[in-house]
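Q: Can you walk me through this model? I'll jump around a bit.

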Amino acid sequence: AMASFKTSKLRSKIRATMAAQQVDGYYPRLNGALLASGNFGGMIVSVVGAVEACDGQYATVKCCDGGQARFQVDPSFAHPPGTLLELIGVVTEGNEVQMFIAREMSPDFDLEVYNKMLTEVQHNPKYNEYFIPQ
């Protein structure tokens, strides 16, 4: 019962954040440079990378482009360094991300190909119609 309460609380937090600024179900996928650009403040985003360190309050993640990102995490965050994750959360002050969800990725996930998809396709204005809700 506790897990379902936590999940519904999380969903309502996500919905409240998204209601203000995003189309339901849409969130940009970012690398370290895109996150650091400052263009995504207050938005829910997805970042894929490897955990570098965690002190129980913040996790440092090496993003698919080699950049670093800082995530505010729950004390229950238990992903050891080296774990490849997709982290979804809201961008806060200083381009940090308050994490909502962490999904473990396969260790053979190709970060270089993923970064190329982000930079050459998803964030290329030529393809906006496919990735940004109209």
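Q: OK, which residue is the bridge partner of Cys54 in strand 3?
A: Cys54 has Ala59 as its bridge partner in strand 3. Strands here are DSSP runs of E with at least two residues, helices are runs of H or I with at least four residues, and both are numbered from the N terminus.

Q: Before I go on, what should I know about the source of the coordinates?
A: This is a predicted model, where local features need pLDDT of at least 70, side-chain atom pairs count only at pLDDT 80 or more, and totals for chains, interfaces and linings use all residues. Residues are numbered from 1 along each chain as its sequence is written, and side-chain values use heavy atoms, with hydrogens and water left out.

Q: Back to Cys54, then. How do strand 2 and strand 3 pair?
A: Strand 2 and strand 3 (residues 58-63) are antiparallel, with 5 bridges; two strands pair if DSSP finds at least two bridges between them. They form a hairpin with 3 residues between the strands, and Gly56 there has a positive phi near 95°.

Q: How many disulfides does the structure hold?
A: The structure holds 0 disulfides. Cys64 is in none, and the nearest cysteine sulfur, that of Cys63, is 6.6 Å away, while a disulfide needs a pair of cysteine sulfur atoms within 2.5 Å. Cys64 is buried, since its relative accessible area is 10%.

Q: What about the rest of strand 2, how many of its residues are buried?
A: Strand 2 (residues 44-54) is mostly covered, with 8 of its 11 residues buried.

Q: Which other strands does strand 2 pair with?
A: Strand 1 (residues 29-30) runs parallel to strand 2 with 2 bridges, and Leu30 stands opposite Val47 there. Strand 5 is antiparallel to strand 2 and is joined to it by 7 bridges; Val45 has Gly89 as its bridge partner in strand 5.

Q: And strand 6, what pairs with that?
A: Strand 5 (residues 84-91) pairs with strand 6 in the antiparallel sense over 7 bridges, with Glu86 opposite Arg103. Those two strands form a hairpin with 5 residues between them, and Gly94 in the turn has a positive phi of about 65°. Strand 4 (residues 68-72) also joins strand 6 (residues 97-104), running parallel with 2 bridges, and Phe71 has Val97 as its bridge partner.

Q: Let's zoom out. What's the pattern along the sequence?
A: Along the sequence the pattern reads α-β-α-β-β-β-β-β-α-α, which gives 4 helices and 6 strands.

Q: How much of the protein is buried?
A: Of its 134 residues, 34% count as buried. The accessible surface is about 7800 Å², with 52% belonging to carbon and sulfur atoms; the areas come from the Shrake-Rupley method with a 1.4 Å probe, and for residues only the protein chains shown count as cover.

Q: Now the helices. Where is Leu35, and what does it touch?
A: Leu35 is in helix 2 (residues 32-36) and counts as buried because its relative accessibility is 3%. Beyond neighbours within four places in sequence, Leu35 is in contact (heavy atoms within 4.5 Å) with Leu30, Ala69, Val91, Asn95 and Val97. Leu35 and Gln68 are 33 residues apart in sequence, with their C-alpha atoms 9.3 Å apart in space.

Q: How about Gln122, buried or exposed?
A: Gln122 counts as buried, because its relative accessibility is 11%.

Q: Last one: what sits over the ring of Tyr58?
A: The charged end of Arg70 does, 3.7 Å from the ring centre. The rule asks for NZ of Lys or CZ of Arg within 6 Å of the ring centre and within 35 degrees of the ring normal.

Key:
Buried means under 20% relative accessible area, exposed over 50%, partly exposed in between (1.4 Å probe, protein chains only).
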